[in-house]
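Visitor: I would like to learn how to read salt bridges in a protein model. Please start with one residue.

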Amino acid sequence: MIDPRLQTLRVLHELGTVTATAEALHLTPSTVSQQLRQLSARLGLGLLEPAGRNVRLTPAALALVEHADALFLRWEEARADLAEYADGVAGRLRITGVATAITAVIAPAAARLREELPRLAVEIGEDPDENRFELLLSGRADIAVVIPAPDGPPHDDARFVQRPVLAEPQDLLVPAGHRFARCARQGVALAEAGGESWIRAGDPADQHQLLLTACARAGFTPRVRHQAVDWYAVAALVAHGFGIALVPRLAPVPERYPVVRVPLRGEPLPVRRFVAAVRRGTEEQPPIARAMAALCAAAGNREVQGV
């Protein structure tokens, strides 16, 4: 902290008299004089000299005022900097989420935060091998954009606040020569794919559960022969005839592979629903509240046909 007696010296330099300085600082003239004597003794320098019935600053005092001005400038800058942390516009925020959530909402939201709050460092992780709710509980993540799974926390779990962010339909990914490839415009019912071999595609923590649930509602259990997390690997397996896959509408499919994305029709349609989860009690913290708002805005700007 800066010695408050330096501020007394600065005010005296500005106003010229001990009486005026005392009034400005809500002190008594004797207190002002005592502070300046103490400061002079501490520095071992004379700071004041008589000037008629008043006093004036010595050359050493004038030099000290210049340094004090610089110190108080830096102090005000430091206070402004720290106020940003208190207001939640500076610091560190970590968001974890599935790959397509990063593509659809997390990356655009983080880019918006970077522009609006340049002193807030946003870190993004896919963390495919982690339980994202455990990342929240342990404090290793502040926000998790996840797909609710049957074995995950229920929506009313007292430990978390979960808010819907985005709904994303699912498509079938089939080889170009597959019988379903001719239905790329009108779509097919999931029940028609009951006899197919399947590739378990995407994040096993949620996408595989969605496949099992969707197929069960369509009246069959999928024969899963292969698995891949990376969507390019999934497309390669499909292209080479190892099976078909259920893929999210936002999942990237490389054009170089001879595969066809076929929309599903009929009810019930498998839809992947993203929620943004935070530890309960943190949702009103400024950086988290700002990030949640940015996620919702990014989701609102993202149109997913078929939802």
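Guide: Asp 142 counts as buried, at 13% relative accessibility. Buried means under 20% relative accessible area, exposed means over 50%, and partly exposed lies in between, using a 1.4 Å probe and protein chains only. This is a predicted model, in which local features need pLDDT of at least 70, side-chain atom pairs count only at pLDDT 80 or more, and totals for chains, interfaces and linings use all residues. Residues are numbered from 1 along each chain as its sequence is written, and side-chain values use heavy atoms, with hydrogens and water left out.

Visitor: With which residue does Asp 142 form a salt bridge?

Guide: A salt bridge is a side-chain nitrogen of Lys or Arg within 4 Å of a carboxyl oxygen of Asp or Glu. Here the partner of Asp 142 is Arg 279, with 3.8 Å between the closest N and O atoms. Asp 142 sits in the loop between helix H6 (132-137) and strand E5 (143-146), and Arg 279 in strand E12 (residues 271-279), so the pair ties together parts 137 residues apart in sequence. Helices (H or I, at least four residues) and strands (E, at least two) are DSSP runs, numbered from the N terminus.

Visitor: How many salt bridges does the structure hold?

Guide: There are 16. One of them joins Arg 159 and Asp 157, at 2.9 Å from N to O. Arg 159 is partly exposed at 42%, whereas Asp 157 is buried at 11%.

Visitor: Are Arg 272 and Glu 168 buried or exposed?

Guide: Both are buried.
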